[in-house]
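Take a look, then follow along.

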Amino acid sequence: MAGPRDPPGPDVGQPRRDREVASRAGRRADQGPAPRSLGEARDGRVSALTVRRAVSGDLRDILRLLADDHLGRDRDDPANAEDAAYREAFAAIDADPNQFLGVAELDGAVVGTFQLSFLPGLSNRGALKVAIEAVRVDSALRGGGYGGQMLSWAMDYARGRGCSGMQLKSHRSREGAHRFYERHGFRHSHVGMTRPL
Ligand SMILES: CC(C)(COP(=O)(O)OP(=O)(O)OC[C@H]1O[C@@H](n2cnc3c(N)ncnc32)[C@H](O)[C@@H]1OP(=O)(O)O)[C@@H](O)C(=O)NCCC(=O)NCCS
């Protein structure tokens, strides 16, 4: 899997504004989840993911993944990928050097996504932190280790940018995701709170 320590290349965390790569997922939302065989080699081994910065052509796939979830399905719909609200939000993320919206590809199809927000601060001699959110793996592929590969990539990338810690908030109902994060070294060290504004 490509990572930030790999030799520089177009797929390794670099903006690809010069070539807007349309998604090659080849699958519409109304066609249902990806076949379970996606990513399985003939000998049954699981393929490695390629992680890269998202381009605007990935928007529909990212929305499909965000909606592919018990909390996300009422919030987002890939059919609305052309809406100005999504286009403008994507442009704002893409233009912000403290944001990294990632997609993970398997055999040319977008099967995962996550967003990193880099958080500069004064505390601890200006230690840079990073928040990870909007983490999704295609529901047809969950439990196959792809989320782990994607998270490891994200942690390596953030380390490469000098981050001293990663934080996240996750809805209480996501018990499986909490086990997943704990297995990857996250601890319930703080209490997160939210409120509408
Ligand atoms: C959480 C998630 C990104 C992990 O990706 P993944 O490819 O399933 O992860 P891995 O295969 O590397 O690890 C599997 C672990 O993920 C967790 N998990 C969470 N939701 C899961 C699901 N629907 N199916 C399978 N595993 C899930 C489990 O802890 C599982 O470990 P277990 O088998 O010991 O219980 C993915 O399951 C997902 O997109 N879930 C729905 C959205 C979500 O909760 N995102 C996190 C938001 S904070």
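Q: Where does Asp58 sit in the chain?
A: Asp58 is in the loop between β1 and α1 (59-67). Helices (H or I, at least four residues) and strands (E, at least two) are DSSP runs, numbered from the N terminus. This is a predicted model, where local features need pLDDT of at least 70, side-chain atom pairs count only at pLDDT 80 or more, and totals for chains, interfaces and linings use all residues. Residues are numbered from 1 along each chain as its sequence is written.

Q: What makes Asp58 count as buried?
A: A residue is buried if 20 or more other C-beta atoms lie within 10 Å of its own, exposed if 12 or fewer, and partly exposed in between, with C-beta atoms placed from the backbone. Asp58 has 26 C-beta neighbours inside 10 Å, so Asp58 counts as buried.

Q: Why is Asp107 called partly exposed?
A: Asp107 has 16 other C-beta atoms within 10 Å, so the label is partly exposed. Asp107 lies in the loop between β2 and β3.

Q: And is Arg125 buried or exposed?
A: Arg125 is exposed, because it has 6 other C-beta atoms within 10 Å. Arg125 belongs to helix α3 (residues 123-126).

Q: What makes the phi of Asp107 and of Arg125 worth a look?
A: Most residues other than glycine have a negative phi. Asp107 is not a glycine, yet has a positive phi of about 50°. Arg125, not a glycine either, has a positive phi of about 55°.

Q: How do you know that the span of helix α4 agrees with its number of residues?
A: The expected span of a helix is 1.5 Å times one less than its number of residues. For the 15 residues of α4 (residues 146-160) that gives 21 Å, and the end C-alpha atoms are 21 Å apart, so the two agree. After α4 comes Gly162, with a positive phi near 90°.

Q: Which residues of α4 are buried, and what covers them?
A: Among them are Tyr146, Gly147, Met150, Trp153, Ala154 and Tyr157. The cover includes β1 (50-53), β2 (99-106), β3 (109-119), β4 (128-137), β5 (163-167) and α5 (175-183).

Q: Why are β4 and β5 called a pair?
A: Two strands pair if DSSP finds at least two bridges between them. β4 and β5 have four bridges, in the parallel sense. Leu128 stands opposite Cys163 in β5. The chain crosses from β4 through α4 to β5, and this β-α-β crossover is right-handed (with the strands pointing away from the viewer, the path from the first strand over the helix to the second runs clockwise).

Q: Which residues come nearest the ligand?
A: Of the 17 residues around the ligand, Arg142, Gly147, Gly148, Gly176 and Phe180 come nearest. A residue is near a molecule if its C-beta atom, placed from the backbone, lies within 6 Å of it. β4, α4 and α5 each give two or more residues to this shell, and the largest share, four residues, comes from α5.

Q: How many helices and strands does the protein have?
A: There are five helices and five strands, in the pattern β-α-α-β-β-α-β-α-β-α along the sequence. Of the 197 residues, 25% are buried.

Methods. Two residues are in contact if their C-beta atoms, placed from the backbone, lie within 7 Å.
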